[in-house]
Amino acid sequence: MRNNPSEIAAKTAEKFRRTAQLAAREGILPYKSAEGRWITSPYDGNSWWTGGFWPGLMWQLFCATGEEAFKQEALRAEAMLTAEFRSFRYLNHDVGFMYLLSCGAHDKLLGDEQASMDTLHAATLLMGRYSPAGYIRAWNEKHKMGYAIIDCMMNLSLLFRASRITDDPRFAKVACLHADRTMQEFIRENGSVAHIVEFDPQTGARVGEVAGQGYALGSSWSRGQAWGLYGFTLAYLNTQDARYLETAQRVARYFIANIREDGLTDSDFCQPAGEVRIDNMAGAIAACGLLELEKATGEAAYRTAAERLLDGIIDHCCDFSDAICGVLTHCTASYHDDGAGRHTNITYGDYFFVEALAKLNGTDPMLWI
């Protein structure tokens with residue numbers, strides 16, 4: 001790796017020492033930043049799916065530095081998220097993202113009983129979204145009752161954690177049932193991944209793919225690839241099921257083949273030639289998954305690809321100035337701008353960037369396991 005991960009991690013921690021205070025002062029959960037200030041979620045208030053990445057980022061920085069201020073900020077954010085349990089109608093399959101990195105991290109790192117109970121509360125909500133037709137329902141709108149999405153592979157870690165806490169196999173069983181269906185219906189022959197698949201909510205039959213946050217129906221949204229890569233890697237780490245490892249490797253091969261020459265990640269691997277639309281969040285997520293794949297398989301090519309992605313981000317898309325509160329630039333929420341941000345700083349990009357650096361530096365607490 002051309003860049004020194006310890007030096008970059010130190011610069012990143014120094015920046016968040018300054019900017020985490022701004023979030024606490026305003027009493028918000030940061031979603032993105034621009035013009036030197038934090039900006040909250042574009043939809044659904046504190047029930048927006050990305051809320052857990054801010055406390056998760058603080059826990060990563062706490063583990064890397066031991067600094068109390070990062071822990072206290074993580075706990076402040078956690079309290080805001082647990083209040084959202086009362087806003088039940090806004091919560092969806094993304095309770096894994098929201099609560100595993102907040103309550104789950106709190107419990108894992110400090111052994112807090114209430115945090116453990118809140119983690120189980122979230123896991124019960126996620127398990128309740130499993131349809132007997134054979135999939136975890138993604139969203140709440142009536143016309144989307146048959147929708148499942150690749151992102152949910154990351155949320156399954158909440159269910160695996162719940163089974164370990166309770167010694168109750170039901171949670172892990174539901175996680176495996178959904179992972180098996182995803183493996184069957186989302187992963188294409190060439191290793192690319194569908195973002196949304198619709199099922200008949202009565203019979204469970206596959207209705208077809210739905211165009212999601214990528215370029216077009218049937219294309220390859222890069223962050224969906226990253227969710228699949230890391231999600232199936234985590235499913236393997238939780239179960240030791242070789243089928244999940246093989247699936248993660250298939251998706252990884254496709255992702256690696258599509259990394260740009262400069263180490264950055266197109267928003268969609270099928271976007272028109274010459275289109276400049278970058279999503280470095282996909283690259284940071286994939287780097288985390290690739291580093292875990294290298295540990296699981298011993299294949300050095302995965303680490304090489306992860307370092308290539310991280311070098312590209314560091315060389316071209318890190319901002320350590322006060323122009324923005326976060327670090328990672330050129331984050332794109334959706335290929336067709338949905339109002340959630342394009343070529344900007346977004347907090348969950350920062351989270352996965354910091355997690356990847358922590359893996360290289362030996363400080364990662366493995367919050368997903």
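**Exercise 1.** How many nonpolar, polar and charged residues does the lining of the second largest cavity have?

*Solution.* The model is predicted, so that local features need pLDDT of at least 70 and side-chain atom pairs count only at pLDDT 80 or more, while totals for chains, interfaces and linings use all residues. Residues are numbered from 1 along each chain as its sequence is written, and side-chain values use heavy atoms, with hydrogens and water left out.

Step 1: a cavity is a set of points, on a 1 Å grid over the protein atoms alone, where a 1.4 Å probe fits but cannot get out, and its lining residues have an atom within 4 Å of a point. Grid points are joined across faces, edges and corners, and a volume is the space filled by probe spheres set on the points.

Step 2: the second largest cavity holds about 60 Å³ of space, and its lining consists of Leu29, Pro30, Tyr31, Ser41, Gly45, Asn46, Trp48, Thr50 and Gly51.

Step 3: with Ala, Val, Leu, Ile, Met, Phe, Trp, Tyr, Cys and Pro taken as nonpolar, Asp, Glu, Lys and Arg as charged, and the others, Gly among them, as polar, this lining divides into 4 nonpolar, 5 polar and no charged residues.

**Exercise 2.** Which residues are the closest to the centre of the largest cavity?

*Solution.* Step 1: the structure holds 2 cavities of 30 Å³ or more, and about 90 Å³ of space lies in the largest.

Step 2: of the 19 residues that line the largest cavity, His195, Gly212, Ala216, Gly218 and Ser219 are the closest to its centre. By class, this lining has 9 nonpolar, 7 polar and 3 charged residues.

**Exercise 3.** Classify the ring pairs that phenylalanine 352 forms with tyrosine 351 and with tryptophan 368.

*Solution.* Step 1: rings of Phe, Tyr and Trp (its six-membered ring) pair if their centres lie within 6.5 Å, and planes under 30 degrees apart count as stacked, over 60 as edge-to-face and the rest as tilted. A search of the whole structure finds 27 aromatic pairs.

Step 2: the rings of tyrosine 351 and phenylalanine 352 have centres 5.1 Å apart and planes at 85 degrees, so this pair is edge-to-face.

Step 3: for phenylalanine 352 and tryptophan 368 the centres are 6.0 Å apart and the planes at 5 degrees, so this pair is stacked. Phenylalanine 352 and tryptophan 368 are both buried (under 20% relative accessible area, with a 1.4 Å probe and protein chains only).

Key. Buried < 20%, exposed > 50% of the residue type's maximum accessible area, 1.4 Å probe, protein only. 1 Å grid on protein atoms, 1.4 Å probe; cavity = no way out; pocket = protein on both sides within 12 Å on 5 of 7 lines; lining within 4 Å.
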